[in-house]
Each structure stands twice: as C-alpha cells, then as structure tokens.
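Come along while I look things up one at a time.

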Amino acid sequence: MQKEIIPIKKLFKTDAALNVLPETIVVHHDLRLNEKAKIDIIINGYNKSELSNATAQNYLLLEDKIPVNIIIVESSGSQEVFNKLIIHKKVSKILIEDHKASHSKYGTGSYGMSISSAVGFFFSKSPYLFFSHNDMIALKKDFLGNLLRQLNNTTRIASFTQRHVIPFTGCMLIDRNVITNSETD
C-alpha cells in the first residue's frame, strides 16, 4: 500500500472549498488501474466494507460489455475497514481520513463524500467516470452502456434518478472533460 499527500488545490478549485478543507489530504492506496478501461467507477464508502464490496461485485457482474475500473474510496480512515475491502484485478482501493465538519446551526457532518469523489477523480484515468455511493446497485446488464448512450453534445451528464424526480449524483456518469474544464467543484 502506498501513501501519498495531495495538496487540496489539486482536488478542488473554488474558494468555498479551499477555505473549509485542510491544506492536504493523506491517502493510502492500492491501485490496479487498467489503462484500457473506458469507465472508472468511483464508489464512495464509509465504514461499511460489506456494502462497498456488494456494490463492487454487483457492478462487476452486470457490466461486462464495457472495460471498467472500480475505485473504492473508503473515507472512514479505518485501516480495519480498508483491509476488508474486496481484492479483485479490476478493483483499486483508497483510504482517506474522516474529515468532519461542524456548524453551530446544522450540527456535525462530514466532507467524506466530496473528498472521496475528488480523490477518486484525481487517481482515475478513464475518459468517463461513474460516481456511486456504496449503497447502490444496478438492476440490469449493460447499465453503464445505457447511460453512456445518453451522452452527447447537449447531454453531458447522465444519471439514474432518486424517486424519479431529481438527478442523483450517487449514480452519475460524466465525461472526464466536463469536470476537467469546469470552473466549479
């Protein structure tokens, strides 16, 4: 397992993010990225290796047409949880510290999801990214191919919806260039 320290400015662009996050993020990783993969699936996990593993296995089972990498980003900071994550030739694992936030009105929360997504993107190499929580599953074969066919010059992000009402970033496929060229986080 390798350790890296990533300056926060390499992960986020906006002043709002840079003002509330630490200057660096410490990551430990075991990367197994296939350079020929078309889509990197980034699974954000927190303290539930069994959920992350089930999600990864579900995606491996149902997406067999498109070459993929799966990147599980465990944001609990727990080495024990990290050690229980699936070992598979298509699965890379990253461990980051738990970054808590507290607010006088809204209480305690975490930056884990946003940092996990940014760290997964930082290490990813494929032209497309699929962001997933660790409590998501696909129901049909070629689910990523279905989303990929939706992308074009005017539709730059394709996602499944939560309760069929709003786009849900937990199941979002996006072209890497949309994120790279964006001025937002």
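**Entry 1: the outline.** I take helices (H or I, at least four residues) and strands (E, at least two) as DSSP runs, numbered from the N terminus. Counted that way, the protein chain has six helices and ten strands. A note on my source: this is a predicted model, where local features need pLDDT of at least 70 and side-chain atom pairs count only at pLDDT 80 or more, while totals for chains, interfaces and linings use all residues. Residues are numbered from 1 along each chain as its sequence is written, and side-chain values use heavy atoms, with hydrogens and water left out.

**Entry 2: inside and outside.** I call a residue buried under 20% relative accessible area, exposed over 50%, and partly exposed in between (1.4 Å probe, protein chains only). Of the 185 residues in the protein chain, 46% are buried. I also looked up contacts, meaning heavy atoms within 4.5 Å. Taking those between residues at least 6 apart in sequence, I found that 66% join residues at least 24 apart.

**Entry 3: the cores.** For me a nonpolar core is a set of buried Ala, Val, Leu, Ile, Met, Phe, Trp, Tyr and Cys residues joined through side-chain atoms within 4.5 Å. The largest one here has 28 residues, and Ile39, Ile41, Tyr59, Ile70 and Phe130 touch the most other members. Strand E3 (39–45), H2, E4, strand E5 (91–96), E8, H5 and strand E10 (166–175) each give two or more residues to this core. I then picked Phe130: leaving out residues up to four places away in sequence, its contacts include Ile39, Tyr59, Leu144, Phe160 and Met172. A second, separate core has 22 residues, among them Leu11, Ile94, Leu129 and Val178.

**Entry 4: the salt bridges.** My rule is a side-chain nitrogen of Lys or Arg within 4 Å of a carboxyl oxygen of Asp or Glu. By this rule I find four salt bridges in the structure. Which residue does Asp64 pair with? Its partner is Lys141, with the closest N and O atoms 3.1 Å apart. Asp64 sits in the loop between helix H2 (49–62) and strand E4 (68–74), and Lys141 in the loop between strand E8 (128–133) and helix H5 (143–148), so the pair ties together parts 77 residues apart in sequence. Asp64 is exposed at 52%, and Lys141 is partly exposed at 48%.

Next I checked Arg149 and Asp142, whose side chains meet at 3.0 Å, N to O. Here Arg149 is exposed at 57%, whereas Asp142 is buried at 12%.
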